[in-house]
Structure formats: C-alpha cells, structure tokens
Amino acid sequence: MNNQDFVDALKTHVVTAAVDDTIANLAHPPGRRVSEEERTLSDWYNQLSPGDAANVRKALAKVSHQAVFGLLAVIDGVRTIDDGTGRFELTYLAQARTVLNNPE
C-alpha cells in the first residue's frame with residue numbers, strides 16, 4: 001500500500017461508509033430502544049422530499065470529507081494539535097514497512 005492507495009481506501013471505507021451508515025441510521029434507527037433524539041431525527045429525515053434528502057446526503061459527505069481531511073492534515077503536520085515539537089508517522093505494515101506520510 002502506498003499513500004494514494006491509503007487515501008483511496010479512506011474515501012471508500014471511511015468517508016463514503018460514514019455517509020451511507022448515517023443515512024441508513026437516520027432512515028431506520030437501529031436497536032430496540034431508540035432514543036427520543038434518534039426517533040425525532042428519523043421522523044424528520046423520513047418526511048423530507050427526495051431533493052431535500054439528497055441535500056442532507058451532500059452535506060454529510062462534505063462533513064465526512066472535511067473531518068478525514070483534517071485528520072490527515074494533522075498526521076501530515078500541516079495542522080497542529082500540540083506545541084509542534086513532534087511529528088506523526090503513519091506506517092503501513094505488511095511484508096514491508098511503508099511510511100505513508102514520508103515528508104520527502
């Protein structure tokens with residue numbers, strides 16, 4: 001796996017999955033004892049027009065993308081979460097060790 005494979009996998013298995021899972025949970029909240037908050041959100045979502053539901057999906061996609069982008073910015077060191085004295089290293093281990101965010 002290289003850094004592009006990692007980003008592509010994140011798009012599929014994190015960003016898109018988060019949107020799909022959230023929409024599924026909005027449409028049909030899981031569990032036997034659905035909280036009042038979840039039920040209220042589900043009722044709201046299920047009464048939306050198809051166009052409004054599509055806009056909710058688009059907004060969730062933007063939020064999901066921005067959250068992952070922000071995390072990757074932290075890992076790459078262009079967004080700091082500490083005093084900036086250290087750095088993160090993202091490593092993929094398989095048959096070989098590959099640093100996915102190599103500064104070079």
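Reader: In which helix does S42 lie?

Author: S42 lies in helix α2, where helices are DSSP runs (H or I, at least four residues; strands are E, at least two) numbered from the N terminus. This is a predicted model, in which local features need pLDDT of at least 70 and side-chain atom pairs count only at pLDDT 80 or more, while totals for chains, interfaces and linings use all residues. Residues are numbered from 1 along each chain as its sequence is written, and side-chain values use heavy atoms, with hydrogens and water left out.

Reader: Is S42 buried or exposed, and which residues is it in contact with, leaving aside its neighbours within four places in sequence?

Author: Buried means under 20% relative accessible area, exposed over 50%, and partly exposed in between, with a 1.4 Å probe and protein chains only. S42 has 1% relative accessibility and therefore counts as buried. Contact means heavy atoms within 4.5 Å, and once neighbours within four places in sequence are set aside, S42 is in contact with L26, A27 and P29.

Reader: How should I read the span of α3, and which of its residues are buried?

Author: The expected span of a helix is 1.5 Å times one less than its number of residues. The 27 residues of α3 should therefore span 39 Å, and its end C-alpha atoms are 39 Å apart, which agrees. The buried residues of α3 are A53, V56, S64, V68, G70, L72, A73, V74 and I75, and what covers them includes α1 and α2. After α3 comes G77, which has a positive phi, near 90°.

Reader: What lines the largest pocket?

Author: Rolling a probe the size of a water molecule over the atoms shows where empty space is left. On a 1 Å grid over the protein atoms alone, a pocket is an open set of points where a 1.4 Å probe fits, with protein on both sides within 12 Å along at least five of seven lines, and lining residues have an atom within 4 Å of a point. The lining of the largest pocket consists of V7, L10, K11, V15, H65, V68, F69, L72, A73 and D76, and α3 supplies the largest share, six residues.

Reader: How exposed is H65, and what separates its C-alpha atom from that of L10?

Author: H65, found in helix α3, counts as partly exposed because its relative accessibility is 41%. The C-alpha atoms of H65 and L10 are separated by 9.6 Å, although these residues are 55 residues apart along the chain.
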